[in-house]
Amino acid sequence: MRVDQRLIAEMIAPRARVLDVGSGDGTLIDYLYRTRSCDARGIEIDMQNVTQSVAHGLPVMHGDADHDLADYPDDTFDYVVLQRTLQAVERPREVLRQMLRIGRHAIVSFPNFGHWRLRLQLLTTGRMPMTPVWNTPWYSTPNIHPCTIRDFLLLCEEEGYVIQQWLAIDEDGARAPWRRSIRLANLFGEQAMFLLRRAGH
């Protein structure tokens, strides 16, 4: 289990109803079920991952964030999780709206395109950066909407979402010591995690 998944799990209350959007091999769903007694299920676009999850007894359906969240009724879940997928969806703003329509809370994690290594590579080479986090060439990357921590905060402000908790971490999952400074987190955090809710809920 990745460290960022463990940190996401810590944000989720025991016995909660959880939808993991882009659930991959189902690791987070399995962990939430076993350790927190959650009613956790997933949707995943990769059929091989779906087959693997179902073979392990996990409730995962084939689907994708851009099209299938609209089919769920309002307030079906306590938490809707989108881990490391925001930058790869076609319509990030709409996906977030749907997540907070069908869930009381949304947990979103994404790689931070504002990290200093990316800025430095772009400045010194004039080419799209390559790092352990951003490790696919620009012409074959699934990451069509890279964003920074500050970009995401602005989107939350525009949409009126309440940020209940946020973390900036490195690729190994170590929490950043600059957690009170957005400016420093945007510069030094390789990944970001946000726990959101709608205003007035």
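## Helices α1 and α2

In this predicted model, the axes of α1 and α2 approach within 10 Å and cross at roughly 45 degrees. That angle makes α1 oblique to α2, and the crossing is right-handed. On the α1 side, the contact is made by Gln 5, Arg 6, Ile 8, Ala 9 and Glu 10; on the α2 side, by Thr 27, Leu 28, Tyr 31, Leu 32 and Arg 36. Sorted by class, these residues are five nonpolar, two polar and three charged.

Helix α1 spans residues 3-10, and its buried residues are Asp 4, Gln 5, Leu 7, Ile 8 and Ala 9. Besides α2 (27-36), these buried residues pack against β4, β5, β6 and β7.

## Ile 29 in α2

Ile 29 lies in helix α2. Its relative accessibility is 1%, so Ile 29 counts as buried, the cut-off for that class being under 20%.

Leaving aside residues up to four places away in sequence, Ile 29 touches Asp 20, Ser 23, Ala 40, Arg 41, Gly 42, Leu 58, Pro 59 and Val 60. Asp 39 is ten residues from Ile 29 along the chain, and the C-alpha atoms of the two are separated by 8.7 Å.

## Helices α5 and α7

Arg 93, Leu 96 and Arg 97 of α5 make the contact with Phe 152, Leu 155, Glu 158 and Glu 159 of α7. By class, the contact of α5 with α7 has three nonpolar, no polar and four charged residues.

In soluble globular proteins, nonpolar side chains tend to be buried together. Here the largest nonpolar core holds 32 residues, of which Leu 19, Leu 69, Leu 96, Met 99, Phe 152, Phe 194 and Leu 196 touch the most other members. At least two residues of this core come from each of β1 (17-21), β4 (77-83), α5, β5 (103-111), α7, β6 (161-169) and β7 (191-198).

## Positive phi at two arginines

Arg 15 is not a glycine, yet it has a positive phi of about 65 degrees. Arg 15 sits in the loop between α1 and β1. With 65% relative accessibility, Arg 15 counts as exposed, since that class starts over 50%.

Arg 84 also has a positive phi without being a glycine, at about 55 degrees. Its place is in the loop between β4 and α5. Arg 84 has a relative accessible area of 27% and is therefore partly exposed.

Terms used:
Residues numbered from 1 in each chain as written. Predicted model: local features only at pLDDT ≥ 70, side-chain atom pairs only at ≥ 80, totals over all residues. Heavy atoms only, no water. Contact = heavy atoms within 4.5 Å. Helix = DSSP H or I, 4+ residues; strand = E, 2+ residues; numbered from the N terminus. Nonpolar A, V, L, I, M, F, W, Y, C, P; charged D, E, K, R; others polar. Core = buried A, V, L, I, M, F, W, Y, C linked by side-chain atoms within 4.5 Å. Buried < 20%, exposed > 50% of the residue type's maximum accessible area, 1.4 Å probe, protein only. Axes fitted to C-alpha atoms, helices over the stretch in contact; angles between N-to-C directions. Parallel < 35°, antiparallel > 145°, perpendicular 65-115°, else oblique. Left-handed = near helix turned anticlockwise from the far one by under 90°.
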